[in-house]
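Please have the sequence and the model before you.

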Amino acid sequence: MPNKFADSTHALWRCQTSEGEMVLKVGNDATVAKSSFWLGVNHLFAVGFPNNLGEINFTHDFLMQNGALKVPDLIAAKAKRFVLTRFLAGVDLDANAVDDKWVIALVKHIAKLHQCTYKNWGS
């Protein structure tokens with residue numbers, strides 16, 4: 001699948017399997033190394049992206065329970081190598097066609113995530 005954004009953090013493959021369509025995501029180390037956002041997140045929260053892809057199940061579970069956007073089912077993940085998810089049908093996002101509806105949905109999602117409270121955070 002072609003990258004939609006210049007700073008995409010994964011190479012994507014759409015796969016037909018005996019269990020249905022899936023998406024294989026492989027971390028792009030070169031893009032992450034040039035990304036101010038991911039360098040900042042890695043430094044601020046000590047997450048080590050993409051080396052910690054094997055632990056993405058924690059993020060996946062958090063988004064499933066607390067987010068406002070649909071999240072594809074997580075099938076498998078391995079540190080720094082890949083994430084395999086079920087294909088999520090819908091309208092593909094195009095950088096040139098982001099409208100108010102997309103922005104409002106993202107704002108609601110982020111606002112909902114920021115309303116979560118925990119006794120501890122970070123490593």
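I begin with Trp 38, which is partly exposed because its relative accessible area is 22%, and the buried class requires under 20%. Please keep in mind throughout that this is a predicted model.

Which ring does Trp 38 stack with? The partner is Phe 49: the two rings form a stacked aromatic pair, with 4.2 Å from centre to centre and 25° between the planes. The angle matters here, because planes under 30 degrees apart count as stacked. This pair links distant parts of the chain. Trp 38 belongs to helix H2, residues 36–45, whereas Phe 49 is in the loop between H2 and helix H3, residues 56–66, and the two are 11 residues apart. Phe 49 has a relative accessibility of 11% and therefore counts as buried.

By the rule used here, there are two aromatic pairs. In the other one, Phe 37 and Trp 38 have ring centres 5.1 Å apart and planes at 85°, so this pair is edge-to-face. Phe 37 itself counts as exposed, at 55% relative accessibility. Taken together, ring pairs join Phe 37, Trp 38 and Phe 49 into a cluster. For those new to the subject, a pair of aromatic rings is described by two quantities, the distance of the centres and the angle of the planes.

Let us stay with Phe 49 for a moment. Is the peptide bond from Phe 49 to Pro 50 cis or trans? The bond is cis, with omega near 10°. Most peptide bonds are trans. Pro 50 is in the loop between H2 and H3.

Trp 38 has a further contact, this time through its backbone. The side chain of Ser 35 reaches the backbone nitrogen of Trp 38 at 3.1 Å. Ser 35 is found in the loop between helix H1, residues 29–33, and H2. With a relative accessible area of 9%, Ser 35 is buried.

I now turn to the charged residues. How many salt bridges does the rule give? The count is two.

One of them joins Arg 14 to Glu 21, with the closest N and O atoms 2.6 Å apart. Arg 14 is partly exposed at 46% relative accessibility, and Glu 21 is also partly exposed, with a relative accessible area of 28%.

Arg 86 is in strand S4, residues 82–86, while Glu 19 is in the loop between strand S1, residues 10–17, and strand S2, residues 20–27, so the pair ties together parts that are 67 residues apart in sequence. Arg 86 is partly exposed, with a relative accessible area of 28%, whereas Glu 19 counts as exposed at 56%.

S1 and S2 form a hairpin, with two residues between them. These strands run antiparallel and are joined by eight bridges.

Thank you for your attention.

How values were computed. Residues numbered from 1 in each chain as written. Predicted model: local features only at pLDDT ≥ 70, side-chain atom pairs only at ≥ 80, totals over all residues. Heavy atoms only, no water. Phe/Tyr/Trp six-rings, centres within 6.5 Å; stacked < 30°, edge-to-face > 60°. Buried < 20%, exposed > 50% of the residue type's maximum accessible area, 1.4 Å probe, protein only. Helix = DSSP H or I, 4+ residues; strand = E, 2+ residues; numbered from the N terminus. Polar contact = N/O pair within 3.5 Å; in protein donor to acceptor, adjacent residues only side chain to side chain. Salt bridge = Lys/Arg side-chain N within 4 Å of Asp/Glu carboxyl O. Pairing = 2+ DSSP bridges.
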